[in-house]
Amino acid sequence: MYKSEDTFDLVKSLSQTEKRYFRIFSGTSGDTKNYLQVFDVLDRQDIYDSKSLTDKFAEGTINVSYEKNYLQKQILKSLRACYSENSSAIELQDILKNIEILYRKRLTRQCQKLVDKGVETARQYEQWSYHLELIEWQYRIYGRSGNYKKLMLYAEEGLAEKIKLTDNILAYSRVQQEIFVIVAMVQTKGVYSAQGIQKEFKKKITEAEKKLKTHTTGFRITELLYSTLYLATHYSGNIKQSYKYARENYQHYNNHPHFKTDLPFKYFVATGNLITRCIYLKKFAEGLQYIDDVKTFTGKLSYFARQDISQEQDSILFEYKIRILLRENRFAEALQAAKEFEKKYNPKNLRKGIILTDRGKLARIYFANGLLRKSLQCVNEIINSDQEGFKLDYLIYSHLLRMCIHYNLNKYDVLGYLAETASRTLQKLKLNDDFANDFIELMKQVSKKHEP
């Protein structure tokens with residue numbers, strides 16, 4: 001059973017276009033359907049109110065729980081129909097469903113047409129799992145049509161294709177496992193994860209470079225290898241090499257434009273990683289150009305394709321832009337960007353880590369522009385929050401920035417307490433940061449003397 005609020009969340013996530021399509025899909029010109037009445041009530045609610053929903057139909061014969069669950073299924077069905085041409089995965093799922101329906105109706109010729117279309121799509125977008133299912137359907141079609149000669153020939157051809165597809169799936173999964181380990185370490189601990197494991201990263205780089213030479217034709221495995229390489233080289237300290245691989249991955253997408261629209265979020269991430277490397281190497285003009293490019297790209301996407309990116313896009317692009325502006329000492333421009341960002345900021349459905357990171361970005365901008373109390377408010381939100389899944393880099397930085405703010409406010413008497421708190425945090429997390437430790441000791445001395 002679906003949770004009570006799930007249907008409400010789904011309804012509130014719909015755009016006006018999607019709502020209009022859902023009503024047309026549901027055939028509202030006929031008798032009023034019970035689940036559509038539930039839809040109207042949920043659509044008018046700003047906050048989910050189960051009692052109000054139940055009271056609305058208390059005197060009728062509507063089973064609210066049933067209709068709510070049925071409504072969710074109908075909305076998802078309409079969205080699949082609405083966006084079937086915007087994703088190769090959804091298109092192939094629809095093709096496979098239609099093949100089964102036609103096969104049960106013994107419409108073999110129509111089945112064959114769909115299998116041919118599906119195979120072409122699966123090959124183009126390297127959808128190996130769906131391709132394997134289509135091979136199974138080809139076997140069944142040849143068997144039902146009585147064309148055993150073709151079945152015998154295809155048995156060998158199909159087996160060879162299956163082996164090739166399975167090899168691709170396994171190769172992709174192995175690279176995927178490697179990058180998951182790297183990303184998980186980096187996203188949870190930041191730079192501190194790289195300390196002491198340089199040899200492990202260098203080993204991963206050597207292995208990925210070897211695999212890159214053997215997978216020169218496919219897109220997905222090559223893209224994942226580039227991603228592994230620019231992350232591993234970055235956290236092993238070779239920023240120039242990391243930039244090289246990030247740029248090659250960016251060009252890899254441009255050489256296969258159909259994958260840019262089929263995998264828009266991955267392309268967005270790949271471009272973002274290139275921007276990050278540009279910032280580290282002080283290629284600021286190039287970084288700003290990539291920011292404009294990715295904005296143009298997402299602006300041209302269909303509404304469906306853009307949904308996967310839109311919730312995090314503003315936060316991520318804002319971070320890239322203000323990092324460049326602050327490094328170039330363009331503080332006033334950074335503050336203006338912050339005001340525009342906050343004006344349209346919507347934290348709903350954003351991961352907690354992103355929300356806290358956003359507070360860290362704003363804290364930096366406010367501090368740079370002398371708005372110390374606003375900066376302190378953001379910093380305190382980070383320090384007092386649940387830290388699970390949040391980068392240690394930002395947590396330690398927040399403790400240090402909080403001391404800087406109180407120093408600038410001439411509140412030397414509290415620096416000792418803040419320094420002790422920061423020191424305990426480092427000890428609790430078992431982090432050995434020379435700069436942080438030296439800075440903490442300095443603040444303790446300032447606190448004792450009560451003067452700068």
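By class, the residues that line the largest cavity comprise three nonpolar, one polar and four charged residues, where Ala, Val, Leu, Ile, Met, Phe, Trp, Tyr, Cys and Pro count as nonpolar, Asp, Glu, Lys and Arg as charged, and the others, Gly among them, as polar. The structure is a predicted model, in which local features need pLDDT of at least 70 and side-chain atom pairs count only at pLDDT 80 or more, while totals for chains, interfaces and linings use all residues. Residues are numbered from 1 along each chain as its sequence is written, and side-chain values use heavy atoms, with hydrogens and water left out.

**The cavity**

The structure holds one cavity of 30 Å³ or more, a cavity being a set of points, on a 1 Å grid over the protein atoms alone, where a 1.4 Å probe fits but cannot get out. The largest cavity contains about 50 Å³ of space, a volume being the space filled by probe spheres set on the grid points, which are joined across faces, edges and corners. Its lining, made of residues that have an atom within 4 Å of a point, consists of Val175, Glu178, Lys204, Glu207, Ala208, Lys211, Leu225 and Thr228. Two or more of these lining residues come from each of α9 (148-189), α10 (198-214) and α11 (220-235), and α10 gives the most, with four residues. Helices here are DSSP runs (H or I, at least four residues), numbered from the N terminus.

**Aromatic rings**

A search of the whole structure finds 23 aromatic pairs; rings of Phe, Tyr and Trp (its six-membered ring) pair if their centres lie within 6.5 Å, and planes under 30 degrees apart count as stacked, over 60 as edge-to-face and the rest as tilted. One of these pairs is formed by Tyr21 and Phe25, which are stacked at 6.4 Å centre to centre with 20 degrees between the planes. Because they stand four residues apart in helix α2 (residues 16-25), Tyr21 and Phe25 are separated by about one helical turn. In another pair, the ring centres of Tyr35 and Tyr70 are 5.2 Å apart and the planes lie at 70 degrees, so this pair is edge-to-face.

| Residue | Relative accessible area | Class |
|---|---|---|
| Tyr21 | 31% | partly exposed |
| Phe25 | 33% | partly exposed |
| Tyr35 | 5% | buried |
| Tyr70 | 32% | partly exposed |

Elsewhere, Tyr125, Phe219, Tyr250, Tyr253, Phe259, Tyr267, Tyr290 and Phe297 form one aromatic cluster.

Charged side chains also lie over ring faces, as counted when NZ of Lys or CZ of Arg is within 6 Å of the ring centre and within 35 degrees of the ring normal. Arg140 lies over the face of Trp137 at 4.1 Å from the ring centre, and Lys244 lies over the face of Tyr245 at 4.4 Å from the ring centre.

**Two further residues**

Thr425 is found in helix α21 (residues 415-428) and, at 14% relative accessibility, counts as buried. With residues up to four places away in sequence left out, Thr425 touches Leu395, Ile396 and His399, contact meaning heavy atoms within 4.5 Å. Met152, by contrast, is exposed, with a relative accessible area of 62%, and has its place in helix α9. The C-alpha atoms of Met152 and Tyr139 are separated by 9.4 Å, the two residues being 13 residues apart along the chain.

Notes: On a 1 Å grid over the protein atoms alone, a cavity is a set of points where a 1.4 Å probe fits but cannot get out, and a pocket is an open set with protein on both sides within 12 Å along at least five of seven lines; lining residues have an atom within 4 Å of a point. Buried means under 20% relative accessible area, exposed over 50%, partly exposed in between (1.4 Å probe, protein chains only).
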